[in-house]
Amino acid sequence: MLKFDEKSERAEEMSEEEFFAGEAQSTWQVIWKRFLHHKLARIGMAIMIVLILAAIFAPFIAKFDPTELHLEDVPDGIALGPNAKYWFGTDTLGRDYFSRALYGGRISLLVGFVSVGISLLIGVPLGCLAGYYGGWVDSLITRFTEFMMCLPIFFLILTINNMLPPNIFNVVAIIGAFSWMGSAKVIRGQVLYVKNMEYGRAAKALGLRDSAIIFKHILPNAMTPLIVSAAMGIANAIIMEAGLSYIGMGVQEPMPSWGSMLNASRSYMLESPHLALIPGTLICLVTLSLNFIGDGLRDAIDPKNAE
C-alpha cells in the first residue's frame, strides 16, 4: 500500500479532471462489487443476458421463419405441443412457437429499452431544469409532472394509439412519451441534493456556465438512482406493450411479440395451454429479472437499503 505522503504527492501531480475521474471510477467499482454480492441481482442479470443474446441471434438460433405456415402438420387446426421438430410446439396455423418466442423477444425487449430511452430524453432535461433553477421553473415543471402522474396513463395511451396506425414504432413512441414522469422526479431530487454539496457550490462560484455545471458536475453524480429507475421502467414498458398487444392494439400479426402471442392464445388455453404458458413465462422472467437487477443496484448504491 502507498503511504499517506506518497498518496498526497500523487494527488498533487494529478489534474483536477484526472482526480475526479479516478474517484468516480473507484465509486463505480465499489458499486459493481456490491452488486455482484446480491444473489438475486446476479440471477436476474444472467437471465437477461441469455434472453437478450437469444433475441439478438434469433436468426441463427431459430429453426424456422416465425411467420412460416406449416399447415400440413396441423390439418385439424389444433396446435401441436412441444416435440422433437418444434421445440415449443406450434400455434394453430403451424407456425413454430420457438421461433416466434425468439423473435417476439426482439420486439418486446426493443419496446422496453427504446421506450425507456425516449422517456429519459424527456424526463432527464425536465428534472435537471426543475432541480437546478428552482423557483417558478421548478413549480411549473413539478405541477405538470404531478398532473401527468394523476392521469390514467394506460387508457390515455389506448386512446392515442387507437387514433394512429397500429405499428411497433407508434407503440414505442407512445409508451416512451407517457413514461417520463418517474425519471423526472428522480433526477430533480438528485440535482437538488447534488447542487447544494460543496463541489456543486464551488462550480457555481467559479463562474462556470449553467450547462457545464449541470452536465459535467451535477448530472454524472446524480445518475446512479436514475439507472435503478430505468431498470424498473423497462419492465413496466414491456408489461404495457404486452397489455396493448393482448387487447389487439399493440404489435399486429403476423409480427410476433409476447403480448400478441398471449392475445392469439386466448381461445385455445384449455386444449393448448402452452400457447399462453410460454409467452407468459417469458414476460414474467424478464420483469422479475429486471426487478432483481433494480433491487441489486439500489442496495449497491445505498447499502443501508439492504438492512
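1. Between which two helices is the loop that holds Ser-265 found? Ser-265 lies in the loop between helix H13 (258-264) and helix H14 (274-301). Helices here are DSSP runs of H or I with at least four residues, and strands are E runs of at least two, numbered from the N terminus. Ser-265 counts as buried, at 1% relative accessibility. Buried means under 20% relative accessible area, exposed means over 50%, and partly exposed is in between (1.4 Å probe, protein chains only). Leaving aside neighbours within four places in sequence, Ser-265 is in contact with Leu-275 and Ala-276. Contact means heavy atoms within 4.5 Å.

2. On the basis of the note: this is a predicted model, in which local features need pLDDT of at least 70, side-chain atom pairs count only at pLDDT 80 or more, and totals for chains, interfaces and linings use all residues. Residues are numbered from 1 along each chain as its sequence is written, and side-chain values use heavy atoms, with hydrogens and water left out.

3. The overall make-up. The protein chain has 14 helices and zero strands. Of its 307 residues, 41% count as buried. Take the contacts between residues at least 6 apart in sequence: 70% of them join residues at least 24 apart. The accessible surface of the chain comes to about 16,900 Å², and 66% of that belongs to carbon and sulfur atoms. Areas come from the Shrake-Rupley method with a 1.4 Å probe; for residues, only the protein chains shown count as cover.

4. The H6 and H9 pair. Helix H6 (residues 135-150) packs with helix H9 (residues 181-195) at an angle of about 145°, and their axes are 10 Å apart. Axes are lines fitted to C-alpha atoms, for helices over the stretch in contact; angles run from 0 to 180 degrees between N-to-C directions. From H6, the residues Asp-138, Thr-142, Thr-145, Met-148 and Met-149 meet Met-181, Lys-185 and Arg-188 of H9. By class, this contact has three nonpolar, two polar and three charged residues.

5. Gly-134 sits in the loop between H5 and H6. Gly-134 is buried, with 13% relative accessibility.

6. A covered helix. Helix H8 (residues 168-177) is mostly covered, with seven of its ten residues buried. These are Ile-168, Asn-170, Val-171, Val-172, Ile-174, Ile-175 and Gly-176. They pack against H5, helix H7 (153-163) and helix H12 (223-246).

7. A buried arginine. Arg-95 is in the loop between helix H4 (58-61) and helix H5 (97-133). It counts as buried at 8% relative accessibility. Arg-95 and Glu-68 are 27 residues apart in sequence, yet 5.8 Å apart in space, C-alpha to C-alpha. Not counting residues up to four places away in sequence, Arg-95 touches Pro-66, Thr-67, Glu-68, Leu-69, Gly-89, Thr-90, Arg-100, Glu-253 and Pro-254.

8. The cysteines. How many disulfides does the count come to? The count is zero, taking a disulfide as a pair of cysteine sulfur atoms within 2.5 Å. Cys-128 is buried, at 5% relative accessibility. Cys-284 is partly exposed, with a relative accessible area of 44%.

Terms used. Ala, Val, Leu, Ile, Met, Phe, Trp, Tyr, Cys and Pro count as nonpolar, Asp, Glu, Lys and Arg as charged, and the others, Gly among them, as polar.
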